[in-house]
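Good morning, everyone. Please bring the model up on your screens.

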Amino acid sequence: MADTTPSRAALRTLPEWLELEEHATAIRELRIRDLFRADGHRFERFSMATERLLLDFSKNLVDANTLKLLGALAQRRELEAWIERLFAGEPVNNTENRPAMHMALRNRGSGAMYVGGRDVMPEVERQLTRMRLFVNRLHRGEYRGCTGRVITDVVNIGVGGSDLGAVMATEALAPYRTNAIHMHFVSSIDGVHVTDVLERVNPKTTLFIISSKSFTTLDTMTNARTARDWFLRQVQDAEAMAQHFLGVSANNAAMGEYGIAEENRFRIWDWVGGRYSLASSVGLPVAIAVGMKNFEAMLDGFHAMDQHFRTAPWDRNMPVLLGLLGVWYTNFQGAPGHVVLPYDHRLHRFPAYLQQLEMESNGKCVTRDGTPVDYDTGAIVWGEVGPNAQHSFYQLLHQGTRPVMADFLAPAHGSAEYPQHHDLALANCFAQTRALMEGQSAEQARREMEATGMAAQQLEQAIAHKVHPGNKPSNTILFDRLDPGTLGELVALYEHKVFVQSVIWDINPFDQWGVELGKKLAKELLPAVTGEQEPTDADPSTRGLIAYLRQCRGG
């Protein structure tokens, strides 16, 4: 559907954009460490806190004027009005004519939230109540398998938004586990993932959750059919399926056709995008793992950040600041990448979760009205647990030739029982941000090597390799501990950051047509892969690959 919002001037022609380009050229000659020397209160001026999070953005190549100019660009792009459209339930997903009302899933106040003029909170509360009743029954041992034995394992079958968030949150909140149920996740269509999980579980004590908004996603439904066939072969009782399979979907009829009992169907809505659905019934695996009390504490954290985003002034608004900094580095400092570095192993799946959130949302090449963009949108997001990444790709961050945005995340209190380990992790976290900013000059490297007694000729050969250019930007997000509320705030922080950037770039962050093309072509090619048809319509490369495949298979 065509966008009905007023047309906007081309981004790169705006005076605010041109001022930022001029400013970027001037500030590029500055050093971040010199900005600290010139302002003894820089940390206080360039950091802020919510109830649970501290954001230090002082180690960025920005000054007060940078933020002022970015704020002027946001004002020109009507950011405040777009935030209100989002929360008002307007169809901000213009290509599918849908709202993006994921905030209603975690609305912890008593206020109504509207979609199409209808308050959706009664439906949201109804699903939360159903989740609460089911999880409590499961934990008390009242919900049992077909032979009367208690459920020992839960297998969530999904992909993308129906998998990544649940996996990430279950891992992150592992210390808050309230029961002995083993959680498993199946997402990959390659057959290995589902095989490995099925080999570890007993069908008579296993509960399967089939999570798919459409209940037609090829990956998920292929794995779901395999799980169903395996279960029926093992149990040999079709009626037993009713006690061992749950569904989470917007497609009630398809859940019924698959064989899921009415009372085991949990609803999501078309106004919730998959990658924004963790706070819905898609989060049922998380609730089973940590209990509804902790799941709802996570919703409290989501809601707190939602309210902060909607009400805080821009210069003290964490998602707005992160979003504008992302625009600054993507469009004015030539940074193609954004790396996320948690210093708590429980967050090891957080970078993967953010990859989908950011790149599927803002990886777009046309504006809302279909005009091709002539500026970069989005960033290449990757990451790893910081202590491990230090021994893999930090080399590129410190001495590589391309600028990279970096977010460091760390709790004051670690998730493990060995505080000395976490102290070492924190020391490394702080040291890395400092090293990125300060670097190491040739003179510093010379003094260091001279102190070791290195021979003069060897020193001169090595010195160039010891230089670190520095002036590499980073944000640091600190929090007391990785608890459910903090995790909710973190996820919502990045969700809203993505929306801020989409407003500046005038793109729709809530569709994903780039994902659909590959799915369509895969369905068309499947008969050629299986040998049922010849790939006559395929390109020469694809035909060559299929020919080699058949050769390997003896066809």
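In which sense do strand β10 and strand β12 pair, parallel or antiparallel? Keep in mind that this is a predicted model. Find residues 337-342, which make up β10, and residues 404-413, which make up β12. The two strands pair in the parallel sense, over six bridges. As background, strands of a sheet pair through backbone hydrogen bonds, either parallel or antiparallel.

Now the whole sheet. It is open and has six strands. Read across it and the order is β1-β2-β13-β12-β10-β11. The pairing is mixed. Which strands stand at the edges? They are β1, residues 47-49, and β11, residues 380-383. Each has a single partner strand, so one side of each is left without a neighbour in the sheet. From one strand to the next, the twist averages 15°.

Helices lie across this sheet too. Take helix α15, residues 350-362: it lies across β10, β11 and β12. Its direction is at about 170° to β11. Then take helix α18, residues 419-438, which lies across β12 and β13. Helix α18 runs at about 155° to β12. Hold on to both helices, please.

Next, the pockets. The largest pocket has a volume of about 910 Å³. How many residues line the largest pocket? The count is 41. Nearest its centre lie Ser 214, Thr 217, Gln 512, Glu 516 and Lys 519. Our helix α15 comes back here: α15, α9 (218-235) and α22 (513-530) each supply at least two residues of the lining. The largest share is from α22, with eight residues. By class, the lining of the largest pocket has 13 nonpolar, 16 polar and twelve charged residues.

The second largest pocket has a volume of about 430 Å³. Its lining is made of 19 residues. Asp 344, His 345, His 421, His 422 and Ala 425 lie nearest the centre. Two elements give two or more residues to this lining: α16 (386-389) and α18. Which of the elements gives the most to the lining of the second largest pocket? That is α18, with seven residues. So what classes do we find there? Eight of the lining residues are nonpolar, nine are polar and two are charged.

Last topic: helix packing. Two packed helices are described by the angle between their axes and the distance between the axes. Start with helix α1, residues 15-27, and helix α14, residues 318-332. They pack at an angle of about 75°, with axes 11 Å apart. An angle from 65 to 115 degrees counts as roughly perpendicular, and α1 and α14 are therefore roughly perpendicular to each other. On the α1 side, the contact uses Trp 17, Leu 20, Glu 21, His 23, Ala 24 and Ile 27. On the α14 side, Trp 328, Asn 331 and Phe 332 meet them. That contact has six nonpolar, two polar and one charged residues.

Now back to α22, from the largest pocket. Its axis and that of helix α23, residues 540-552, come within 9 Å and cross at roughly 35°. Leu 525, Ala 528 and Val 529 in α22 meet Thr 542, Ile 546, Leu 549 and Arg 550 in α23. Five residues of this contact are nonpolar, one is polar and one is charged.

Methods. Residues numbered from 1 in each chain as written. Predicted model: local features only at pLDDT ≥ 70, side-chain atom pairs only at ≥ 80, totals over all residues. Heavy atoms only, no water. Pairing = 2+ DSSP bridges. Helix = DSSP H or I, 4+ residues; strand = E, 2+ residues; numbered from the N terminus. Axes fitted to C-alpha atoms, helices over the stretch in contact; angles between N-to-C directions. Contact = heavy atoms within 4.5 Å. 1 Å grid on protein atoms, 1.4 Å probe; cavity = no way out; pocket = protein on both sides within 12 Å on 5 of 7 lines; lining within 4 Å. Points joined across faces, edges and corners; volume = space filled by probe spheres on them. Nonpolar A, V, L, I, M, F, W, Y, C, P; charged D, E, K, R; others polar. Parallel < 35°, antiparallel > 145°, perpendicular 65-115°, else oblique.
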